[in-house]
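Please look at the sequence and the structure before reading on.

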Amino acid sequence: SWTQELYLTGETGPVNWIAGATLFNQDAGNSRSQVITNGNPTGPGSSDVSSNIDNNSIALYAQASIDFSDQLSLTVGGRYTNERKVFDITNNLTGQQIHGRKRWQVFTPSATLQYRLSDDANIYAKAGKGFKSGVFPASTLSPNPVDPEEVWQYELGTKLRVAGWLNANFAAFYTDYSNMQVNIRVNNISSLQNAGRAEIYGIEGELFGRPLPGLNLRLGFSKLWGEFTDFPNAVGYVPLPNGGNQTVTIDATGNKIIRTPLFSLNAGFDYEHELSGGNALLASANLYHAGKSYRD
C-alpha cells in the first residue's frame with residue numbers, strides 16, 4: 001500500500017483554512033490457496049484459488065473557520081472522494097475467472113457552529129456526512145460488491161467546566177444511515193449485506209477532572225435508540241429441530257440494529273505517584289458495561 005498527502009494551510013483575514021489532497025493505493029491478494037479437509041478440497045471454490053484486489057482512491061478536501069466575534073465561530077468543510085476497486089479471482093484448476101470493477105464518487109460536507117458562553121463553557125451544533133468504503137467480499141466469490149455505507153449525523157452539545165477541577169461534555173445526536181453494511185453468515189461463510197436505511201439517535205455525556213495532583217477521574221454514559229427503517233431482504237436464521245439454523249430472507253424493517261448496545265457506562269481513574277530517582281508508580285482501573293445488543 002502507498003499513501004501520499006499534500007496540503008496547504010493558512011490565514012486570510014479572519015478566516016483560518018486548510019486545503020489538500022490524499023492519494024491511496026493498495027494491491028492485496030493471495031497467490032495460491034487451497035483448503036483441505038480430510039484429504040478433500042473444501043472452502044470457497046473448493047479448488048486451488050488465487051485472488052487480487054486493487055484499490056485506488058483520491059480525495060480533495062478543504063475546511064475554513066471564521067470567528068464572527070469573540071463568542072461565535074463557524075467551521076465548514078467538504079471532501080470529494082473518487083475511489084476505484086478491481087477484484088479478480090481465478091480457479092487455477094478449472095480456469096474459471098471472476099472479475100469485478102466498481103467506481104464510487106462521494107462528496108461529504110460538514111459544518112459546526114460554536115458559541116462560547118464564557119471561558120469555561122460553550123455550546124455547538126454540528127452536521128456532517130461520512131461514508132464507509134464499498135467492498136468486494138472475497139469469501140462469496142461474487143463480482144458484485146457491497147455498496148458504500150453513507151451516513152448523515154446531526155449533533156447538539158456543550159463542553160463546560162462544572163467546578164474548579166471538574167469538566168463535562170454532553171451531547172444529543174441523530175444518525176441517518178443509507179446502505180448500512182451488515183455482517184451476515186451464509187453456508188457458514190461470513191460476508192456483508194447492505195441494509196436499505198437505518199437510524200440511531202441518543203444522548204451521551206462524560207465527567208472528568210483532576211481533584212488531586214496526579215489523580216484523574218472519569219465517568220461516562222450513553223443511551224442509544226437504533227433500528228432498521230428499511231431492510232426488506234435481510235438474511236435471517238431459523239433454528240432447526242435437530243440443531244443448526246436455516247438461512248431465510250426476512251423483512252427486518254423495525255428491528256434493532258445489530259451490535260448496538262442500548263446503553264453503556266464507563267468509569268475509571270489513574271493515579272501517578274512520583275518516586276525518587278525520577279521514577280513514578282502508576283495505578284489505574286477501568287470499568288465498562290454495555291447493555292443488551294443483538295448479534296444478528
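## The enclosed cavity

The largest cavity of this predicted model is lined by Leu-224, Trp-225, Gly-226, Lys-256, Ile-257, Thr-260, Pro-261, Leu-262 and Tyr-294. By class, six of the lining residues are nonpolar, two are polar and one is charged. The volume of this largest cavity comes to about 50 Å³, and the structure holds one cavity of 30 Å³ or more.

## The open pocket

Turning to the open spaces, the largest pocket has a volume of about 420 Å³ and a lining of 22 residues. Nearest the centre of the largest pocket lie Val-235, Tyr-237, Ile-258, Arg-295 and Asp-296.

The lining of the largest pocket draws on several strands, with at least two residues coming from each of β11, β12, β15 (234-239) and β16 (245-250). When these lining residues are sorted by class, eleven are nonpolar, six are polar and five are charged.

## The β11–β12 hairpin

Two of the strands that contribute to the lining of the largest pocket, β11 and β12, also form a hairpin, with two residues between them. Strand β11 covers residues 181-186 and strand β12 covers residues 189-194, and the two pair in the antiparallel sense over six bridges. Within this pairing, Val-182 stands opposite Gln-193 in β12.

In the turn of the hairpin, Asn-187 has a positive phi of about 55°. As background to reading such a pair, side chains in a regular strand alternate between the two faces of the sheet.

## Overall architecture and dimensions

In terms of secondary structure, the protein has 18 strands and zero helices. The radius of gyration is 25 Å, well over the 19 Å that the globule rule gives for 296 residues, and the protein is therefore more spread out than a compact globule. Taken along the principal axes, the box filled by the C-alpha atoms is roughly 70 × 55 × 50 Å.

What share of the 296 residues in the protein is buried? Buried residues make up 28% of them, where buried means under 20% relative accessible area. As for contacts in the protein with a separation of 6 or more, residues 24 or more positions apart account for 56% of them.

Terms used. Residues are numbered from 1 along each chain as its sequence is written. This is a predicted model: local features need pLDDT of at least 70, side-chain atom pairs count only at pLDDT 80 or more; totals for chains, interfaces and linings use all residues. Side-chain values use heavy atoms; hydrogens and water are left out. On a 1 Å grid over the protein atoms alone, a cavity is a set of points where a 1.4 Å probe fits but cannot get out, and a pocket is an open set with protein on both sides within 12 Å along at least five of seven lines; lining residues have an atom within 4 Å of a point. Grid points are joined across faces, edges and corners, and a volume is the space filled by probe spheres set on the points. Ala, Val, Leu, Ile, Met, Phe, Trp, Tyr, Cys and Pro count as nonpolar, Asp, Glu, Lys and Arg as charged, and the others, Gly among them, as polar. Two strands pair if DSSP finds at least two bridges between them. Helices (H or I, at least four residues) and strands (E, at least two) are DSSP runs, numbered from the N terminus. The radius of gyration is taken over C-alpha atoms; the globule rule is 2.2 Å times the number of residues to the power 0.38. Buried means under 20% relative accessible area, exposed over 50%, partly exposed in between (1.4 Å probe, protein chains only). Contact means heavy atoms within 4.5 Å.
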